[in-house]
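Let's take a walk through this structure together, one neighbourhood at a time. Please keep the sequence and the 3D view at hand as you read.

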Amino acid sequence: MPELPEVETIVRGLKDRIVSKKVIKIEIKDKKVVSTKIKDLLPFTITNVTRRAKYLLFHTNTSTTLLCHLRMTGHFHYPQNKEEVQSSKKYLAATFTFHDNSTLTHNSIRRLGFLKPCTPNELHTLLQNLGPEPLIISKEEFYHRIAKYQTGKIKEKLMDQNVIVGVGNIYAQEALYQSKIHPAKRIDTITKTQFNLLHKHIQQILTHSIQLQGTSVKNYSHLAGKGGYQNHLQIYQKEQCPKGHATNTLTIAGRGTYYCPTCQK
DNA sequence: CAATCGTCCTGCGGGC
DNA sequence: TGCCCGCAGGACGATT
């Protein structure tokens, strides 16, 4: 469920807390989620934490970078007291101990994500097919990248990380609602004006959500608590749209999709 | 070539 | 009350 704003919030929180810290010990509890090869790097220093698409990158003072994808339910804890230490043990995948004795845990409920070391080549291979960042892409490039899939459904391509990154199920639905575009609308029936509107709304929604530290539905929380954008959702999991029309649901690319048949054409 | 399907995984909610 | 089933979904590989 973490999409761009949630991952960005987590990255900023980690950056503030662990950059320049030296990792002196790693305990791995879930080998499926956290690769034991990370231990080969010990000891190492975190030199930066960055985001690309929905991936988190932990840069180190070695040539190896730790790559993490949270998938649905991955999260991090940087506990500050005994109570937080206790809650960081739930769904624990790994604990990193720093030279100052503070700890960072990686946790995962559904265990679909991963955290693993990558050489520069491996990193390049894993990330090379990703589309452009939605907050940087121009409206012209946005149009051209999507418009070539003439027969596809618009929501499908908004969520396709090879077309444009960072937008997942929640923000795709919100952007389409605000742009008054039906999520299953064939791409070749969408006008240039509608594309421009969609581009604008995606940027506005993602920016607003980053300001509010993301959307907290179900399992997401950033390092300092819950986000605030869930209070601004207009269509996702709503029975009525903001104008009071009854919503419908349908499945697109295997994902539940809410839309307003009155507002979205 | 693009579109669709199955897979991974566990918590949760509905139904009986 | 308790159990079982199916759903939730991001990304990727296999299949159509």
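## A guided walk

Setting aside residues up to four places away in sequence, Gln173 touches Lys155, Ile235, Tyr236, Gly256, Thr257 and Tyr258, where contact means heavy atoms within 4.5 Å. Gln173 sits in helix α6, which covers residues 169-178; helices (H or I, at least four residues) and strands (E, at least two) are DSSP runs numbered from the N terminus. Gln173 counts as buried because its relative accessibility is 2%. Buried stands for under 20% relative accessible area, exposed for over 50%, and partly exposed for what lies in between (1.4 Å probe, protein chains only).

A word on how to read all this. This is a predicted model, in which local features need pLDDT of at least 70 and side-chain atom pairs count only at pLDDT 80 or more, while totals for chains, interfaces and linings use all residues. Residues are numbered from 1 along each chain as its sequence is written, chains are lettered from A and ligands numbered from 1 in the order in which they are written, and side-chain values use heavy atoms, with hydrogens and water left out.

Now step back to the protein chain. Chain A is assigned domain 1 (4-127) and domain 2 (139-259), with bounds that come from an automatic or database domain assignment. To their contact, domain 1 contributes 19 residues and domain 2 contributes 17 residues. Taken over C-alpha atoms, the centres of domain 1 and domain 2 are 28 Å apart. The size of an interface is often given as the accessible area lost when the parts come together. Here, domain 1 and domain 2 bury about 1500 Å² between them, and 69% of this is on carbon and sulfur atoms; buried area is the accessible area (1.4 Å probe) that two parts lose on being put together, summed over both. On the domain 1 side, Pro5, Glu6 and Thr9 lose the most area to domain 2, together making up 34% of what that side buries.

Next, the DNA. Which residues surround DNA strand B? They are Lys32, Tyr91, Ile109, Arg110, Arg111, Leu112, Tyr149, Thr151, Gly152, Glu156 and Lys157; a residue is near a strand if one of its heavy atoms lies within 4 Å of it. Of the atoms of DNA strand B that come within 4 Å of the protein, 82% belong to sugar and phosphate. By class, the surface near DNA strand B has five charged, four nonpolar and two polar residues. In this scheme Ala, Val, Leu, Ile, Met, Phe, Trp, Tyr, Cys and Pro are nonpolar, Asp, Glu, Lys and Arg are charged, and the others, Gly among them, are polar.

Look along the backbone of DNA strand B for its phosphate oxygens. Gly152 takes part through a backbone N or O atom, 3.4 Å from a phosphate oxygen of DNA strand B.

DNA strand C has 13 residues around it, and the closest are Tyr55, His69, Leu112, Gln161 and Gly256. Five of the residues near DNA strand C are nonpolar, four are polar and four are charged. Sugar or phosphate accounts for 65% of the atoms of DNA strand C within 4 Å of the protein, and bases for the rest. Side chains reach its phosphates too: a polar atom of His69 lies 2.9 Å from a phosphate oxygen of DNA strand C, while for Lys54 and for Asn169 the distance is 3.1 Å.

Finally, visit a few loops. Thr36 lies between β1 (22-28) and β2 (44-52), and Thr36 counts as partly exposed because its relative accessibility is 37%. Beyond its neighbours within four places in sequence, Thr36 is in contact with Ile28 and Lys31. Pro43 is also placed in the loop between β1 and β2, and the peptide bond from Leu42 to Pro43 is cis, with omega near -15°.

What is the phi of Lys180? Its value is near 60°, positive in a residue other than glycine. Lys180 is in the loop between α6 and α7 (192-211). Gln237, in the loop between α7 and β9 (248-252), has a positive phi near 60° as well.

Methods: Polar contact = N/O pair within 3.5 Å; in protein donor to acceptor, adjacent residues only side chain to side chain.
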